[in-house]
Amino acid sequence: MQLHRFHGGLKLADETDASTAEPVLVMGVPAKLTVPLGQHIGEATEACVQVGDHVTKGQRIGQSKGYIAAHVHAPTSGKVVDIDLYPVPHPSGLDAPCVVIEPDGHDDWGDARMEPWLDWDTRDLRALRQRLRAGGIVGLGGAAFPTAVKLNPRAGQRIHTLVVNGAECEPYISADDMLLRTAPEAVFEGIRITARLLGVERVLFAVEDNMPEAMRSLTETLPPELRDLIELVSVPSIYPTGGERQLIKVLTGQEVPSGGLPADLGMVCHNPGTFKAICDTVIQGRPLLSRIVTVTGPGVKHPRNVEALLGTPFADVIEAAGGYAEGVDRLVMGGPMMGFAVHDDSIPVIKATNCLLATRPQDTPDPGPVMPCIRCAECAAVCPAQLLPQQLYWQAKAKDFDAIQDYGLFDCIECGCCAYVCPSNIPLVQYYRYAKNEIWAREKERHKSDIARERYEFRQERIEREEREKAERLAKKKAALKNKEADGDKQAAIQAALERAQKKKAARAEESAKGSDQAPGSETTREETSTTNDTRDRDDR
């Protein structure tokens, strides 16, 4: 298969030999689990249990309300002892709502476990997506985007290629490497389910060339019936090949458009750990309760990978790797390039925790003071998104948030290549994160202002409508009253006319009555007159 090259990037040391020397350790249940209700991109879930409740393993304890969200489940059975704000792994360092569970030691599923779907290939596609949603599955590569949403493309959007991102490019992290070595069958089953959901024509399974054991395991276990569908591809270990856009560029030569998604090219990309979680949820009825975490760095006595329940304190995970080495001063969640430092090892493992890296001062020497930018353009040469990092830096420093977006700020994947090569030791990524946060905050305020303005306009419109309707009702009432008065005058006129007519009639009747009193004389006279006239006529003849 012909591979392609993305712009920039760095060749970094792997630093994974120590953590891959030991098999994956499945940790037991800790003394207390602190399960954050927000472990994914999107809306946080709401607690659906109360303090004092007894929960079973796999029971839903966080209910998602929105579309882009994922449910949260109890990692083991026990008692809910608190629901409150606790420190969580986040760059902001802010506290977030958590459900604290005191395990009962039984690890009892109760009735919470979903029915295994061994016949998943006969199930309705919509039901399969609902199963993934019910299982709280998110992307386990670090972004933690809800999987059910990602596997539900827009109407008319055709997905023809599924990309498996086994390019674990950042130094020290080996969680995917160990997963592919130990559980390739489950990963293939998850791929098979996903391929049916999306109706793809091909699957490109990328593994970095510094993961030979993982590639060997996949090659040996690839089911014969999937050989026409899945193509295993060894890709160069150049950081950040594991970036979604960069990997698609390497595999296909196509570039995801600015502001677009891989789906715009007919592709969907997932991490191997996500496929394992899909398999567990669909075939075994097991929601996402644990994940593999690489515990490594010079600050850990025995680096290795462990499978830890979500909610397990970092301190317990470090202890499972032999504890801290002497002189540790820094603990990072994630890798050395894109991870962030945490200041409290009591915070819990979440769905996005792929690595805990402990370092000592001698391992991360002080880079020295920050100096002015000398416009050497080294940052632009290594930027995999083909941006101009120095321009982004200047615009962020000047707080010109309109101009910085014109330079493609939101195409930056914060890989840290620019800061790594900067001879002036400028923490460039921190400036980009600051600018992004400011823009998001302003957008949020603008959205709130728009909503407030719409509410005000709606209220004004309602008041005006009510006043207009009131005026119309008054006008109708006045008109009705006026018509009523007019009708009264007309009736009076008719009554007067009737009275006049009756009077006339009565008068004629009276006159007639008077005429009747004179009738006998009158009749005789007319007869006499008639006789006289007849006699006269005969004489004439």
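What we have is a predicted model, where local features need pLDDT of at least 70, side-chain atom pairs count only at pLDDT 80 or more, and totals for chains, interfaces and linings use all residues. Residues are numbered from 1 along each chain as its sequence is written, and side-chain values use heavy atoms, with hydrogens and water left out.

Start with the open sheet. Six strands form it, in the order S1-S14-S13-S17-S15-S16, with mixed pairing. Strands here are DSSP runs of E, at least two residues, and helices are runs of H or I, at least four, numbered from the N terminus. Two strands pair if DSSP finds at least two bridges between them. Which strands stand at the edges? S1 (25–26) and S16 (340–342) do; each has a single partner strand, so one side of each is left without a neighbour in the sheet. For S16, look at S15, residues 330–333: the two pair in the antiparallel sense over three bridges. Met333 stands opposite Phe340 in S16.

Now S10, residues 202–208. Is S10 mostly covered or mostly open? Mostly covered: six of its seven residues are buried, meaning under 20% relative accessible area with a 1.4 Å probe, protein chains only; exposed is over 50%, partly exposed in between. S10 pairs in the parallel sense with S9 (residues 161–166), over six bridges. Gly166 stands opposite Val207 in S10. S10 also pairs with S11 (residues 230–235), parallel, over six bridges. There, Ala206 stands opposite Val233.

Last, Lys505. Its place is in helix H13, residues 428–517. Lys505 is exposed, at 59% relative accessible area.
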